[in-house]
Structure formats: structure tokens, C-alpha cells
Number of protein chains: 2
Amino acid sequence: MGHVEADADETKTGDQTKTDGPTRRTPSADTPDQDVADTESSGPRGRPASTSRHELSRLALDLFARQGYDETTVDDIASAAGIGRRTFFRYFDAKPDAVWGEFDDELVRLADRLAEAPEDEPMLDVLRRAVMATNRFGAGELDELRQRMSLIGSVPDLVAHSAVRYEAWCDVVATFAAGRLGCAPGDLEAQTVARAALGAAMAAFSSWASTGGGDLVDQVDRAFRLLATGLVESPSPR
Amino acid sequence: MGHVEADADETKTGDQTKTDGPTRRTPSADTPDQDVADTESSGPRGRPASTSRHELSRLALDLFARQGYDETTVDDIASAAGIGRRTFFRYFDAKPDAVWGEFDDELVRLADRLAEAPEDEPMLDVLRRAVMATNRFGAGELDELRQRMSLIGSVPDLVAHSAVRYEAWCDVVATFAAGRLGCAPGDLEAQTVARAALGAAMAAFSSWASTGGGDLVDQVDRAFRLLATGLVESPSPR
DNA sequence: CAATTTACTGCACTCGATGCCAGAATGAAA
DNA sequence: TTTCATTCTGGCATCGAGTGCAGTAAATTG
């Protein structure tokens with residue numbers, strides 16, 4: 001059970017996954033753009049957050065790179081950030097989450113792109129383009145991304161945790177595929193498409209993160225083209 | 001006594017993954033076939049194990065089904081089995097491992113089948129048949145398997161842990177694919193094949209475990225055929 | 001200043017996991 | 001029988017992740 005929640009009625013009130021910080025919007029500690037407020041000068045109401053999710057993430061990543069993931073305790077991260085251990089868990093549900101930047105945001109973007117695609121564009125083309133599009137990063141972010149992906153692929157604890165994230169990704173794709181195929185997201189066809197697509201994306205990431213082999217988006221492109229040709233090298237590719 | 005192999009510098013110190021019990025061979029507690037020993041009756045040397053991996057697994061599975069995975073502590077399992085908590089961890093590296101029966105054995109069988117396949121049989125056909133073959137279970141085992149897979153797919157902790165197991169599966173397939181494709185197992189092509197195949201297998205399991213939809217082997221068959229046709233329904237050529 | 005709102009954090013606790021080590025149960029050699 | 005080597009057992013202590021609770025700190029508004 002579990003996987004695909006086909007319905008739309010959102011009965012669950014729970015605050016789902018922590019997306020930003022203690023409440024929801026980053027107060028100002030990270031992004032210096034608070035001019036977008038209402039007409040009047042009205043900062044957020046209560047005590048301002050002492051750090052930000054992104055700040056913590058960067059800090060943690062740094063420690064992981066230096067002394068290893070398992071050798072870095074949450075206490076280490078917290079005290080390095082000048083906050084209490086308990087506060088760390090207000091920003092992240094779990095230690096591994098610090099490695100997954102704003103993954104949830106990317107999920108939403110992916111879903112949007114899939115939904116926007118013209119109906120007559122072949123399913124796998126839509127998927128390929130959408131995944132490519134959601135993985136275009138600026139040169140500045142690329143290094144950090146590579147670091148994240150490398151960790152995620154090598155540290156057992158992170159490999160394990162990644163499954164939960166990837167399953168969410170899968171759900172998005174399965175929902176899209178189900179729409180195209182005219183079946184339920186949980187059906188074999190939609191699930192196969194979704195999980196195979198996930199496989200292609202993971203292969204691209206894996207190969208990109210380990211060997212410095214070229215452009216990430218290009219790897220995604222190649223992996224998905226392989227998928228579309230039944231995993232046989234096509235005679236006349238690009 | 002198998003291959004004792006005294007000398008030869010044994011660089012691999014780690015006892016790899018616990019495959020059977022405290023040492024390596026099941027003493028006798030579970031499988032009543034010890035006639036394979038030498039001519040003489042020579043039971044194992046030290047104190048006999050008080051239970052077996054399989055016994056513990058069944059017991060744990062039972063508790064999980066009754067009170068839920070998270071609600072069942074290792075202490076619960078241990079005391080239900082009449083052993084100490086510490087002893088549980090002699091049989092299993094971690095709590096989730098109790099749900100994964102003899103997965104490692106299946107991995108070996110898969111690798112064997114892949115290696116035995118004739119060179120001229122198409123790669124995906126070999127994969128499809130091999131996965132199907134390693135998933136034929138007797139009626140007696142099917143219920144337990146369904147229970148396992150259902151847990152693995154629904155309990156977050158188990159979903160997470162599954163990634164580690166599946167990665168081992170992927171490695172086997174990637175090695176095979178690399179041989180067929182003439183590339184390294186870590187290359188994009190082999191990785192894509194391996195992870196897409198894993199996706200197909202997972203989709204089959206998922207769909208089989210959730211909906212009582214028919215035969216497991218048949219689901220595997222269909223998922224892999226979808227893969228081979230570029231994820232396009234192929235009953236009638238377009 | 002008081003009230004309100006929001007964030008921080010220490011404390012206590014549960015549970016998974018691990019190292020250490022004494023002890024128990026067995027077969028074999030002396 | 002005694003002794004020894006071998007192998008499994010399991011209590012104890014310890015660490016780290018994660019959580020509920022309760023109290024505190026900092027900001028805005030009136």
C-alpha cells in the first residue's frame with residue numbers, strides 16, 4: 001500500500017515535512033529581501049530565527065566532508081552553528097535531511113512541468129525533458145550538488161534514507177504516467193514507468209557524481225534515451 | 001568441512017554480512033540435513049545455537065504483523081524468542097534485517113543464472129527470465145513473502161533499509177550488463193540497465209504485494225516486457 | 001510596560017546498535 | 001574424569017538519533 005495517494009482530498013492535516021524552518025517562511029536570516037512585505041513595515045511577529053535551513057545545511061555538509069558523515073554527530077553540527085541540539089531537529093526531521101537541500105521544492109517543480117506538458121508529446125519525451133529541466137544548475141551550485149550526491153551514494157545511512165525521498169519522486173512520476181496511460185498510479189504499468197524513470201535518473205546522477213564524466217544534464221538525456229529505446233543503444237542517436 | 005583455508009592471509013577481516021547465525025553454518029537447529037558432513041558424525045564443536053535465523057525471522061514477522069513494526073522493539077522479539085536482546089544482534093545486523101529472509105542467497109542465485117545465460121540471448125531476455133526464475137516460490141512461501149514485501153513497501157524504516165539491499169541487487173545486474181555492453185559496471189549504460197531493471201522488479205513486487213493482482217512471476221514478466229519495448233504497450237504494433 | 005507571538009533549548013526518556021567480557025554448553029584430547 | 005578449546009549466550013555500559021515537555025528568550029504591537 002502506501003505509495004501512491006491518488007485522491008485529492010488531503011485529509012491529513014499534519015505539517016508534512018519540514019520545508020523551511022520553525023514556522024514556514026524564512027524570516028530574513030538568509031535571504032535579505034524583506035521588502036516584499038505588505039505596504040507597512042511589519043517584520044515577522046515573534047522572535048526571529050537564529051539561523052536558516054540552508055545555512056545549517058551548508059554547515060553540516062562542510063563537517064561531513066571534513067570528518068565524515070558518521071563521525072559527525074548532530075551535536076557537532078548544532079554547536080558549530082551555535083544552536084542547541086534540540087533546535088537542529090526543528091529545522092530537520094532527521095540528520096540525513098541536512099544533506100537533501102530543498103528537494104521538496106524540486107519535486108513540486110517536476111510535478112508542474114509534467115502537468116504543463118502538451119498532451120500529444122510522447123510520455124518519455126516529457127519525462128526526459130522535465131527531469132533535465134529540473135536539473136539545470138548554475139556553476140556555483142554544481143559543486144555543492146556533486147558533494148551532496150556523492151555523499152548520498154556512498155554513506156550507507158544516506159543511501160537508506162534516500163529511498164524515502166526517491167519514493168516521493170516516484171509518486172509524482174507515477175501519477176503523471178497514470179494520467180497518460182489511463183490507469184491508476186498504483187498499477188503495474190504506471191509503477192514500472194515511474195520506477196524505471198527513477199532508475200534512469202539515478203544512473204545519471206551516479207555516473208555523474210562518481211566519475212567527473214561531463215555534464216549532468218547530458219547524462220540524464222542519454223539515460224532517458226536509453227530507456228526509450230528499450231535499453232538498446234540506438235543506431236542513430238542525437 | 002567446506003573450505004577451511006587456514007593460511008592465505010585473509011585480508012578481508014570483516015565477517016561480511018551475517019548470513020546464517022553466530023558463526024556460519026547452521027548447526028542443526030533448523031535444517032535437519034547434516035549428513036553432508038564427513039563420514040563420521042561430527043557435530044559442531046562448541047555450544048549449540050539456541051535458535052536460528054529463520055526461526056527468529058518468522059517470530060519477528062509475526063509480531064510485526066500483530067502489533068506493527070515500529071511498535072515492536074528488539075527486546076520484544078528477543079524475549080518472545082527466549083533469548084537476550086544482545087543475542088538478537090548476533091543473528092541480525094539490524095532490526096530491519098529480520099524482514100529480509102535469505103535475500104543474500106537469492107542474490108547469488110540471480111548472479112549464477114545471469115552468468116550461465118548463453119551469450120546470444122538478448123540482454124533483457126536474460127534479465128527477465130532470471131528475475132522470474134529467482135522469484136518462483138511455492139504456495140507455502142508465497143504468503144510469507146507477500147507479508148514481507150508488504151511491510152518493506154509500507155514501513156518507512158524498512159523502505160529506507162531496502163535501498164541498501166536493492167543496491168546490492170543492482171550491483172549484480174550492473175556487472176552482468178557491463179559484460180554484455182562492453183563497459184564498466186559503473187558506466188552510465190550499465191547503471192541505467194541495472195537500475196531500470198530494478199525498477200521493473202520493484203514495480204512488479206509493489207503491484208503484486210498491494211493489490212492481490214495475480215501471479216508474481218507474471219507481473220515480473222509484464223514489467224520487463226514493458227522495459228524492453230521502451231515502456232510503450234506493445235501488444236499491437238503502433 | 002504588558003501582551004502576544006514565535007523561536008530557542010535543556011531535560012528526561014525511548015530505542016537501535018556496539019564493544020566488552022564473563023559464563024555456559026558442547027566435543028575432543030589427555 | 002579432567003582439562004581444554006571452541007562456540008554461543010547475554011548482562012552491562014555506552015553512544016547517538018529522535019521526541020515530548022516545559023520553561024525561557026527575543027521580537028512586535030498596543
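In the predicted model examined here, A:Arg225 counts as partly exposed, because its relative accessibility of 36% falls between the limits of 20% for buried and 50% for exposed residues. A:Arg225 is placed in helix α9 of chain A, which comprises residues 216–228. Although A:Arg225 and A:Asp125 are 100 residues apart along the chain, their C-alpha atoms are separated by 8.6 Å.

Helix α5 of chain A, which spans residues 123–133, is mostly covered, with nine of its 11 residues buried. The buried residues of α5(A) are A:Met123, A:Leu124, A:Val126, A:Leu127, A:Arg128, A:Ala130, A:Val131, A:Met132 and A:Ala133.

The contact between the two chains is made by 36 residues from chain A and 36 residues from chain B. Together, chain A and chain B bury about 3,000 Å² between them, and 69% of this area lies on carbon and sulfur atoms. Of the area that chain A buries against chain B, 22% is supplied by A:Leu188, A:Arg195 and A:Leu231, which is more than any other three residues supply.

Across the interface of chain A and chain B, two salt bridges are found, and two residue pairs, both at pLDDT 80 or more, are in polar contact. A salt bridge is formed by A:Glu189 with B:Arg222, in which the closest N and O atoms are 2.7 Å apart. On the side of chain A that touches chain B, the elements giving two or more residues are α5 (123–133), α7 (156–181), α8 (188–210) and α9 of chain A. Among these elements, α8(A) gives the most to that side, with 14 residues.

In general, two copies of a chain are related by a rotation about an axis and a shift along it. Here, chain A is superposed on chain B, with an RMSD of 0.1 Å, by a rotation of 180 degrees with 0.0 Å of shift along its axis. That is the relation of a two-fold axis. The same surface serves both copies, in that 94% of the contact residues of chain A recur in chain B.

Conventions. Residues are numbered from 1 along each chain as its sequence is written. Chains are lettered from A and ligands numbered from 1 in the order in which they are written. This is a predicted model: local features need pLDDT of at least 70, side-chain atom pairs count only at pLDDT 80 or more; totals for chains, interfaces and linings use all residues. Side-chain values use heavy atoms; hydrogens and water are left out. Helices (H or I, at least four residues) and strands (E, at least two) are DSSP runs, numbered from the N terminus. Buried means under 20% relative accessible area, exposed over 50%, partly exposed in between (1.4 Å probe, protein chains only). Contact means heavy atoms within 4.5 Å. Buried area is the accessible area (1.4 Å probe) that two parts lose on being put together, summed over both. A salt bridge is a side-chain nitrogen of Lys or Arg within 4 Å of a carboxyl oxygen of Asp or Glu. A polar contact is a pair of N or O atoms within 3.5 Å; within protein, one must be able to donate a hydrogen and the other to accept it, and residues adjacent in sequence count only if both atoms are side-chain atoms. Copies are superposed by least squares on the C-alpha atoms of residues with pLDDT of at least 70 in both.
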